[in-house]
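Try each one before you read the solution.

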Amino acid sequence: MPDSNFAERSEEQVSGAKVIAQALKTQDVEYVFGIVGVPVTEIAIAAQQLGIKYIGMRNEQAVDICAEELGNNVKPAVTLLGDINAVTKQLLEELDKTPWQYPPESKWWKTLREKMKSNEAASKELASRESLPMNYYTVFYHVQEQLPRDCFVVSEGANTMDIGRTVLQNYLPRHRLDAGTFGTMGVGLGFAIAAAMVAKDRSPGQRVICVEGDSAFGFSGMEVETICRYNLPIILLVVNNNGIYQGFDTDTWKEMLKFQDAASVVPPMCLLPNSHYEQVMTAFGGKGYFVQTPEELQKSLRQSLADTAKPSLINIMIEPQATRKTQDFHWLTRSNM
């Protein structure tokens with residue numbers, strides 16, 4: 001005899017997407033970021049039905065916790081593997097039990113203070129130069145002057161990120177997001193979008209300043225459409241030197257092309273000079289600025305900070321051969337694998 005409750009139980013069955021969405025809701029997940037497709041679309045719809053916000057990205061963003069990476073760059077004295085929240089909590093608990101700080105009168109602190117002082121002097125000298133095109137330090141000096149104290153600072157790139165770390169200040173914890181020690185490219189706009197979603201919901205008026213090299217911007221630049229689709233409070237700064245590390249100006253580019261086609265004569269690190277990345281933003285309804293002088297940079301950033309209704313992109317042209325100050329140590333690019 002058929003089970004009289006069979007039809008009733010069948011109607012109560014739920015999809016796998018709803019099970020996943022319910023699990024996320026149970027874990028207090030508020031936002032989901034992902035690429036639309038099967039089965040992500042079904043999960044996204046189920047999540048939205050439960051009040052979880054879904055942000056459809058255009059490029060994949062990934063995070064790994066991988067034990068094999070410990071010590072891959074340089075050999076550490078101590079390695080920690082685990083969930084960052086759990087490990088940090090354990091470290092803080094131990095520090096509360098046994099308070100300790102490095103002796104401020106030590107030789108190490110003295111050497112560090114001297115180095116900080118000399119670095120600051122070198123950076124100020126570079127920032128004060130009035131020649132055009134601008135250099136990295138001049139750009140960041142004028143940006144730092146206007147940055148809101150509570151803004152999120154996101155950055156990625158080679159020289160752009162490295163120099164930005166030393167000049168662009170953040171005053172609050174968890175308000176600086178960048179590509180990390182391996183210089184992973186393509187994560188900047190994803191970080192900015194995530195930070196902006198939180199800022200928009202919890203701290204209306206708080207801004208996200210995303211600083212990109214022109215090469216780094218190319219990795220996930222179409223996320224500008226995502227930014228405009230969700231009307232996120234992001235100001236993108238593209239520090240444009242026409243290349244990866246270094247590029248050429250328009251005249252040099254034209255001279256090279258007189259000899260052969262670009263594939264034969266243009267060095268692989270060079271990008272098309274004076275590319276108008278700001279037009280990517282205006283194409284989707286945001287504000288775009290093309291700037292070449294400190295005055296134009298100051299004005300465009302001031303206008304972008306004042307306009308909370310739309311995201312913006314400031315395309316900042318700098319000297320194609322601009323570099324950072326002389327480094328004492330080589331970038332850690334060797335692998336122990």
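Buried means under 20% relative accessible area, exposed over 50% and partly exposed in between, with a 1.4 Å probe and protein chains only. This is a predicted model, in which local features need pLDDT of at least 70, side-chain atom pairs count only at pLDDT 80 or more, and totals for chains, interfaces and linings use all residues. Residues are numbered from 1 along each chain as its sequence is written, and side-chain values use heavy atoms, leaving out hydrogens and water.

**Exercise 1.** Classify the pair formed by the rings of Trp-108 and Trp-109.

Solution. Start with the rule: rings of Phe, Tyr and Trp (its six-membered ring) pair if their centres lie within 6.5 Å; planes under 30 degrees apart count as stacked, over 60 as edge-to-face and the rest as tilted. Next, take the values: the centres of Trp-108 and Trp-109 are 5.3 Å apart and the planes stand at 70°, so this pair is edge-to-face. Finally, check the cover: Trp-108 is partly exposed at 46% relative accessible area, and Trp-109 is partly exposed at 26%.

**Exercise 2.** Are Phe-217 and Tyr-277 buried or exposed?

Solution. First, the geometry: Phe-217 and Tyr-277 form an edge-to-face pair, 5.6 Å centre to centre with 70° between the planes. Then the accessibility: Phe-217 has 3% and counts as buried, while Tyr-277 is buried with 15%.

**Exercise 3.** Which residue lies over the face of Tyr-171?

Solution. The test asks for NZ of Lys or CZ of Arg within 6 Å of the ring centre and within 35 degrees of the ring normal. Arg-149 is the residue over Tyr-171, at 4.0 Å from the ring centre.
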